[in-house]
Amino acid sequence: MFDLNGDKHIPGAARVMQRCEQLAQYSSMSTGICRTYLTQEHQQCNATTQQWMQEAGMKSWIDGAGNCWGRYASANEDASSIILGSHLDTVPNAGKYDGILGVVAAIEVVDALHRNNVQLPFHIDVVGFGDEEGTRFGTTLLGSRAVAGQWQDSWFALQDKEGMSLSQAMESFGLKPEKVSTANRSGDKVAAYLELHIEQGPILEQEDLAVGVVTSIAGARRFNFTLEGMAGHAGTVPMNMRRDAMVTAALCIAQIEDVAKNSNVVATVGKLECSPGSVNVIAGKCQFSLDIRSGKDSDRDAAVKSIFEYIEQLCHDRDINFSYQEIHNAPAVECADWLQQLTAASIADYGLKPLSMMSGAGHDAMVFSGIYPMAMLFVRCKGGISHHPAEAITEADVAVALDVFLDMIMKFEKFYCSDS
Ligand code: HGY
Ligand code: MN
Ligand code: MN
């Protein structure tokens, strides 16, 4: 393990827990947590995060996409950076730790370096991405994709449920849409991107381990489907003459579950809207979402093909018009071997079994695959619950994760040189 002038442990776990509580207050919900991209809650969260970064000895700035950065500079101005990142936005009615823990823990690690006046051959850049979940505008990973140089100008026209466009939201946040490309760091000297994140699954708890090594991140595809039949009087239209969009959607959704249960994928229909939405009117229109993922893109794409074949045939048979929009498509990615070894070495030096696992959840780290070497450190969460207010971690596990994460930074150069 690292040795910061004999300081074997970072005292910051309690402060990390308290700071996650504090950021949870920045929410658009009166009870519950919802913080979405380019909102006033995002603004408040950035301001507090910047203050903590500055207190930890970092220079801090907001980039052209609204991401919050801090740099703990190396004495060597020309040094490469190690980026420690995760996201500050949430899903609706979220837990306190998905994304947020990774940003707050990274600041705590830098604070330990700063307090012990540790000089590194690398800059440490901490980033809190403004949008990973895609809650407000539907398309995900907007913040990290801006940094990766993958911003698409077509996104400016995306609208939230109030009809505000992404470009209008950027302007109201104080950003200039035409300057979003200034967030692009894909050409910078970056030695690695590392992300500490809750597991959002049950494995570490089952194995009674505080932390784990991530091998790969599942590839996800997301769709919005629209089925259009014919609204009609619930009392007078005979059953064999109906073009009922709701029943057709229900059959599709049941089939999606059946395909997923018999494939190497997970599939979720999380959103369903039908209209006109009256008890005595046959539903003329139904819209629903599909999120489908796998560790193997070919398995995922085969399942998508099977689902589409079923829906197209069913809609033909029931005289329903079927249309769709694919709103997200990210391939499964592998974490860099040498960074997995670094992570495992720090976990082992802490005296724990380094357990490796795939991430079924998507993360900002996946955006940087092929751009920077990337890796993730998972932290146990209670019952594997996430995207839910019951999301929970322990201060003891955070203490372990902080020590391991700091140790990874202290060991980094040895592993980096061995790979380059
Ligand atoms: O959906 C996901 O996997 C991530 O939490 N955005
Ligand atoms: Mn999430
Ligand atoms: Mn997340």
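Which two cysteines form a disulfide, and how far apart are their sulfur atoms?

Reply: The model is predicted, so local features need pLDDT of at least 70 and side-chain atom pairs count only at pLDDT 80 or more, whereas totals for chains, interfaces and linings use all residues. Residues are numbered from 1 along each chain as written, chains are lettered from A and ligands numbered from 1 in the order written, and side-chain values use heavy atoms, without hydrogens or water.

The disulfide is formed by Cys 274 and Cys 286, whose sulfur atoms lie 2.1 Å apart. The term denotes a pair of cysteine sulfur atoms within 2.5 Å, and by this rule the count comes to 1 disulfide. Cys 274 belongs to strand E10 (residues 272-275) and Cys 286 to strand E12 (residues 285-294), so the bond ties together parts that are 12 residues apart in sequence. Strands (E, at least two residues) and helices (H or I, at least four) are DSSP runs numbered from the N terminus.

The partners differ in their surroundings. Cys 274 is partly exposed, with a relative accessible area of 25%, while Cys 286 is buried, with a relative accessible area of 0%. Buried stands for under 20% relative accessible area, exposed for over 50%, and partly exposed for what lies in between (1.4 Å probe, protein chains only).

Cys 34 is in no disulfide, and the nearest cysteine sulfur, that of Cys 45, is 13 Å away. With 9% relative accessibility, Cys 34 counts as buried. Cys 252 is likewise in no disulfide; here the nearest cysteine sulfur is that of Cys 315, at 5.2 Å. Cys 252 counts as buried too, with 1% relative accessibility.

We may now turn to the metal sites. The manganese ion (ligand 3) is coordinated by His 87 (NE2), Asp 98 (OD) and His 197 (NE2), at 2.1 to 2.3 Å. Donors are N, O and S atoms within 2.8 Å of the metal (3.2 Å for Na, K and Ca), and a site may look incomplete because water is not among the atoms. Along the sequence, the donor residues of ligand 3 are spaced H-x10-D-x98-H. Asp 98 lies in the loop between strand E3 (81-87) and helix H3 (100-115), and His 197 lies in strand E5 (residues 190-198), so this pair ties together parts that are 99 residues apart in sequence. Asp 98 and His 197 are buried; for Asp 98 the relative accessibility is 6%.

The manganese ion (ligand 2) is coordinated by Asp 98 (OD), Glu 133 (OE) and His 387 (NE2), at 2.1 Å. The donors of ligand 2 follow the spacing D-x34-E-x253-H along the chain. His 387 is partly exposed, with a relative accessible area of 41%.

Two donors of ligand 2, Glu 133 and His 387, also belong to the surroundings of ligand 1, together with Glu 132, Arg 222, Arg 293, Ala 361 and Gly 362. A residue is included there if one of its heavy atoms lies within 4 Å. By class, this shell has 1 nonpolar, 2 polar and 4 charged residues. In that scheme, Asp, Glu, Lys and Arg are charged, Ala, Val, Leu, Ile, Met, Phe, Trp, Tyr, Cys and Pro are nonpolar, and the others, Gly among them, are polar.

Individual atoms of ligand 1 can also be followed. A nitrogen atom of ligand 1 lies 2.9 Å from a polar side-chain atom of Glu 132. A polar side-chain atom of Arg 293 is 2.5 Å from an oxygen atom of ligand 1, and a polar backbone atom of Gly 362 is 2.7 Å from an oxygen atom of ligand 1. Taken alone, ligand 1 exposes 210 Å², of which the protein buries 94%; such areas come from the Shrake-Rupley method with a 1.4 Å probe, and for residues only the protein chains shown count as cover.

Terms used. Polar contact = N/O pair within 3.5 Å; in protein donor to acceptor, adjacent residues only side chain to side chain.
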